[in-house]
Amino acid sequence: MIFDSRKGRRRMTKRAWTESELKELAKLRRAGVSSRDCAAALGRSYGSVKNKVQHSGLLAGEPKSAGERFEHSTTGDTASILSVSDRIRTPADAVAYAEIDVDVWAIDRQVVNSWEVAAKTADGIETRTLWQVKVWLKRKAAAFIDDAFSALFERMADHRPLSPTPPATAGPYLAELSLFDAHFGKLAWDGESFNTARAEAVYAGAVGALLDRVYTWDVSRILIPVGNDFFNVDNWVGTTAKGTQQDSDGPFARVFEAGCMAMVNAVDRCLAVAPVDLLWVPGNHDPSTSFYLVRWLDAWYRNADAVTVDRDHRPRKYVRHGVNLIGFTHGDQENHRDLPAIMAAEVPDLWAATSWREFHLGHFHRARQTVHRTTDEFGGVRVRVLPALSGVDSWHFRKGYVAAKRAAEAYLWHKVDGYAGHISANVQT
């Protein structure tokens, strides 16, 4: 099976600023027009105009009195403001006048002083107070992270989620698409190169292959666990949550954007079959980054009734479908033999109402299953360790951990009859 990385993808390009647009923007700003109104007048996004204003120093209005000045400059992750005025008297005034986004920027240092000046007027000598306000700011997050979110938000504005094709009757099956350990951003080599572009291709191909076979079943909903080391790193310095350095393919911002759009493409394709439930399962590589992903997906599908997004912070999640109870956890923290008892203790009501129970785990990059039989009271619980999609990084390659078969799996759960089987989409190198 060869996965087509371009299938279903929509490519978007940024529109460059023209000289006439820049002149018009400067004219509007000198007239005191806000960035948001400038965006409406120029037919551009607010984020694009605000970014151009902050980098070009095109502040609203002009000083009204002699001796007044206002300067604002931005360089990378730092910015500065210098104001001399009888109207701007505090750092907060200066930040507001410069239209600084306080969600993005924080004041690092500030200096405020004042002096009296005399000016000759028609009525004689007039004395007034000039205030000098100096403010140094720093970004709360690195510029390239903000740029990544800005690009995603611009795409979001144009997106209209697809509507699912409703089945003639409410089908008895829940389809679980488990695409574990995708590790977007991993740079690896195990006989084939594995990078972000390859991760996108593998993920899209696996979704398509599973849907092609799930489509023939009478499915009422599709469940997709999100996380489970969907991303390879948890921050812009390229480490996991515990600080382990990773071999990364490109800057964090580019990887994050690619991962977000890969999930959007996957969900949109699933919506052609049935409504979709996204379940966040934090991994050990990406607990923070995957949380950003599900928050972003929740915003992206904010107007789509056919999509639900779970953002609950607990590491173990449970889904009931009729007689089935499926637990999800990444699998790096718990003793696997304890999971049946943990399930019974955490969701006793769901436990009592079901007869077919499983736990699905990732983390180990190989398939494995164990049936735990505790007591007659608890019955049997199958614990499955599901295969990974990602390639082998340098550490695993050096250790010789190269034999695991890469795949994604779809599980079918019948509301009355329980587990109905599962399908594998194997990655062909």
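How many bridges link strand β2 (residues 78-85) and strand β4 (residues 124-139), and in which sense do these strands pair? The legends below begin with that pair; the model shown is predicted.

**Figure 1. Strands β2 and β4 pair in the antiparallel sense.** Eight bridges join β2, residues 78-85, to β4, residues 124-139. Within this pair, T78 stands opposite K138 of β4. Both strands belong to an open sheet of four strands, ordered β1-β2-β4-β3, whose pairing is antiparallel. At the edges are β1 (69-75) and β3 (105-121), each of which pairs on one side only. From one strand to the next, the twist averages 5°.

**Figure 2. A second open sheet contains six strands.** Read across the sheet, the order is β10-β9-β8-β5-β16-β17, and the pairing is mixed. The edge strands here are β10 (307-309) and β17 (418-426), and each of them pairs on one side only. The twist from one strand to the next averages 20°.

**Figure 3. Strand β16 pairs with β5 and with β17.** Strand β5 (residues 173-178) runs antiparallel to β16 (residues 407-414), and six bridges connect the two. In this pair, L177 stands opposite A410 of β16. The pairing of β16 with β17 is also in the antiparallel sense, over eight bridges. Here E409 stands opposite S424 of β17. A hairpin of three residues leads from β16 to β17.

**Figure 4. Helix α6 packs on the six-stranded sheet.** Strands β5 and β16, which pair over six bridges, are among the strands that this helix touches. Helix α6 spans residues 196-214 and also touches β8 (219-227) and β17. The direction of α6 makes about 140° with that of β17. Helix α8 packs on the sheet as well, touching β8, β9 (276-281) and β10. The direction of α8 makes about 155° with that of β9.

**Figure 5. Helices α6 and α7 come within 10 Å of each other, axis to axis.** Their axes cross at roughly 10°. An angle under 35 degrees counts as roughly parallel, so α6 is roughly parallel to α7. On the α6 side, the contact is made by T196, E200, Y203, A204, V207, G208 and L211. These meet R254, V255, A258, A262, M263, A266, R269 and C270 of α7. Sorted by class, the residues of this contact are 10 nonpolar, two polar and three charged.

Figure 6. The axes of α7 (residues 252-270) and α8 (residues 287-300) come within 10 Å and cross at roughly 50°. The crossing of α7 past α8 is right-handed. From α7, the residues in contact are F252, F256, C260, M261, M263 and V264. Their partners in α8 are T289, Y292, L293, W296, L297 and W300. The contact has 11 nonpolar residues, one polar residue and no charged residues.

**Figure 7. Y203 and F230 form an aromatic pair.** Across the whole structure, a search finds 15 aromatic pairs. For Y203 and F230, the ring centres are 5.4 Å apart and the planes stand at 85°, so this pair is edge-to-face. Y203 lies in helix α6, whereas F230 lies in the loop between β8 and α7. The pair therefore ties together parts that are 27 residues apart in sequence. Y203 is also one of the α6 residues that meet α7.

Definitions and conventions. Residues are numbered from 1 along each chain as its sequence is written. This is a predicted model: local features need pLDDT of at least 70, side-chain atom pairs count only at pLDDT 80 or more; totals for chains, interfaces and linings use all residues. Side-chain values use heavy atoms; hydrogens and water are left out. Axes are lines fitted to C-alpha atoms, for helices over the stretch in contact, and angles run from 0 to 180 degrees between N-to-C directions. A crossing is left-handed if the near helix is turned anticlockwise from the far one by less than a right angle, and right-handed if clockwise. Contact means heavy atoms within 4.5 Å. Ala, Val, Leu, Ile, Met, Phe, Trp, Tyr, Cys and Pro count as nonpolar, Asp, Glu, Lys and Arg as charged, and the others, Gly among them, as polar. Two strands pair if DSSP finds at least two bridges between them. Rings of Phe, Tyr and Trp (its six-membered ring) pair if their centres lie within 6.5 Å; planes under 30 degrees apart count as stacked, over 60 as edge-to-face and the rest as tilted. Angles under 35 degrees count as roughly parallel, over 145 as roughly antiparallel, 65 to 115 as roughly perpendicular and the rest as oblique.
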